[in-house]
Each structure stands twice: as C-alpha cells, then as structure tokens.
Amino acid sequence: MATAKGFDKAKGKRSRDPVALGDIVDGLLEEEVFSRGMPVAELASRWPEIVGARLAAETAPVSLDEGLLVVGATSGPWGAQATFLHEEIRRKADQALGGGRVTTIRIVVRNPS
C-alpha cells in the first residue's frame, strides 16, 4: 500500500482515542523535520524588523542549518545590497532567535517564478 512521504516511519499504532491538539503540535515539534523550520518561520515573521521594510520586500530567509542562514534575494542588485549588510543582518537575525543560532549568512539570488 502506498504511503505519504515520511509516514511509513510513524511510531506506534493509530488510536481512535481523542487527543488534545496541543499534544499533537508538541509531538510534531519534536520531529526534526518540523522543528528545523521553526527558526526560519520566526525570522520570516520578523524579517521587516530585522532588515527594514524595503529590503524585506526583496529578500527573505530561506533556511537555517548548523548556524548558516541562507537569504534569498529577488535580483542581483538586491543580493549585493544584502551582501553589503550581511554582518548587520546576521547579528539582528541571531538576536531575534535569542543568540547563538546564526553564525554565517549566504545570500542567493532566487530565480523569478
């Protein structure tokens, strides 16, 4: 029988007993695939505060893995601007996450969709 990606590794059997939604969310956040995305979501929600409204309109946090924050830019000139400000962006992003999380930044230019 076909299964959705990742669900073939589910632990335990399914139950028909009711479970509090908070318990489900807590369980999901313990899974690495979900918890890794939470810092990026936090940065995305605070991005205008971190980089300013104008730069936030042209850039966005893409991923954070082992201290490396990847920031996507809409074009080469905006990528250059973000590169120029990379240390300030790194410091403010790290501060937004409580410190000790963002050690390096890589700016990438995203292909227009």
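1. E49 is exposed, with a relative accessible area of 55%. In this predicted model, E49 forms a salt bridge with R46, the closest N and O atoms being 2.8 Å apart. The two residues sit 3 places apart in helix α3, about one helical turn.

2. R46 also pairs with E42, with 3.5 Å between the closest N and O atoms. These residues are 4 apart in α3, again about one turn. R46 is partly exposed at 25% relative accessible area, and E42 is partly exposed at 33%.

3. A further salt bridge links R90 to E87, with the closest N and O atoms 2.9 Å apart. Both belong to helix α6 (residues 86-96), 3 residues apart. R90 is buried at 18%, whereas E87 is partly exposed at 43%. Through shared partners, salt bridges join E42, R46 and E49 into one network. The whole structure has 5 salt bridges.

4. Helix α3 (residues 38-51) spans 19 Å from first to last C-alpha, close to the expected 20 Å. It bends by about 55 degrees at S45, and P48 follows within four residues. Its buried residues include L43, W47 and V51. Just after α3, G52 has a positive phi of about 95 degrees.

5. T59, in strand β1 (residues 59-65), is buried at 4% relative accessibility. Its side chain makes a 3.0 Å polar contact with the side chain of W47. A polar side-chain atom of T59 also lies 2.8 Å from the backbone oxygen of L55. Residues touching T59 include V51, W78 and R110.

Technical notes:
Residues numbered from 1 in each chain as written. Predicted model: local features only at pLDDT ≥ 70, side-chain atom pairs only at ≥ 80, totals over all residues. Heavy atoms only, no water. Buried < 20%, exposed > 50% of the residue type's maximum accessible area, 1.4 Å probe, protein only. Polar contact = N/O pair within 3.5 Å; in protein donor to acceptor, adjacent residues only side chain to side chain. Contact = heavy atoms within 4.5 Å. Expected span 1.5 Å × (residues − 1). Bend = angle between axes of the 7 residues up to and from the residue. Salt bridge = Lys/Arg side-chain N within 4 Å of Asp/Glu carboxyl O. Lists of a residue's contacts leave out its neighbours within four places in sequence.
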